[in-house]
Amino acid sequence: SLDCRQAFVQLAPGIYTEGLEATGPVAGCQVQGGGPIFFMGDCTDAWRVHVYVQGLNVFSVIHGAVVGVVCMTISADPFHAALYATQFGTIEGGSLVLGQADTHFRADPYGLIAITGSNYLAQGANVHGGANFGHVVVVPGVVETKAPGIGFVQTLQSLNGGFIAYQGVLQ
């Protein structure tokens with residue numbers, strides 16, 4: 001039980017081939033989503049911590065789980081998302097290097113992905129940000145820089161009433 005406090009997991013430099021699937025709010029907290037767990041890479045060089053997962057979404061939250069993901073490189077196979085939230089799950093992310101994935105940020109029904117720090121897009125994806133009856137928010141002040149020559153089939157995709165508030169800059 002974290003008693004609604006935040007927890008930080010510091011990832012050492014290296015390559016990780018296991019992602020995270022979080023289900024439900026942190027134990028011991030009576031408010032939905034209270035006490036998020038933050039996964040932190042290397043904030044001086046996000047390339048030093050690389051999470052690459054095949055066959056699953058890299059960071060996935062569901063049923064009220066709240067997770068923060070910062071300062072690392074994230075890559076998925078061409079059929080999965082780097083960050084995925086659904087069913088009242090929330091991911092806050094930023095200061096990321098985004099590699100290949102089907103979708104960099106994906107929010108399905110009632111999921112929320114909030115991007116609060118600038119990112120480097122090292123490789124493309126079919127969709128950069130997608131909301132299918134979920135919410136993707138990129139706050140003002142966020143700058144996302146694309147590597148030369150990369151592109152997307154769709155930069156932003158809203159389906160079935162999905163909401164995207166992209167207030168950052170994509171360059």
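**Exercise 1.** Which handedness does the link of Cys 43 and Cys 71 have?

*Solution.* The model is a predicted one. Begin with the bond itself: Cys 43 and Cys 71 are joined by a disulfide, with an S to S distance of 1.9 Å. Next, take the angle about the S-S bond, which is 90°; the link is right-handed. Cys 43 belongs to the loop between strand S4 (37-40) and strand S5 (49-53), while Cys 71 belongs to the loop between strand S7 (66-70) and strand S8 (73-76); the pair links distant parts of the chain, 28 residues apart.

**Exercise 2.** Determine for Cys 43 and for Cys 71 whether the residue is buried or exposed.

*Solution.* The relative accessible area of Cys 43 is 52%. Exposed means over 50%, so Cys 43 is exposed. For Cys 71 the value is 5%. Buried means under 20%, so Cys 71 is buried.

**Exercise 3.** Classify the aromatic pair of Tyr 110 and Phe 133, and state which parts of the chain the pair ties together.

*Solution.* The structure holds 5 aromatic pairs. In the pair of Tyr 110 and Phe 133, the rings lie 5.2 Å apart, centre to centre, with 80° between the planes. An angle over 60 degrees counts as edge-to-face, and the pair is therefore edge-to-face. Tyr 110 lies in the loop between strand S12 (101-107) and strand S13 (112-115), and Phe 133 in the loop between strand S15 (125-132) and strand S16 (135-138), so the pair ties together parts 23 residues apart in sequence. Together with Phe 88, Tyr 110 and Phe 133 form one aromatic cluster.

Methods: Residues are numbered from 1 along each chain as its sequence is written. This is a predicted model: local features need pLDDT of at least 70, side-chain atom pairs count only at pLDDT 80 or more; totals for chains, interfaces and linings use all residues. Side-chain values use heavy atoms; hydrogens and water are left out. A disulfide is a pair of cysteine sulfur atoms within 2.5 Å. Helices (H or I, at least four residues) and strands (E, at least two) are DSSP runs, numbered from the N terminus. Buried means under 20% relative accessible area, exposed over 50%, partly exposed in between (1.4 Å probe, protein chains only). Rings of Phe, Tyr and Trp (its six-membered ring) pair if their centres lie within 6.5 Å; planes under 30 degrees apart count as stacked, over 60 as edge-to-face and the rest as tilted.
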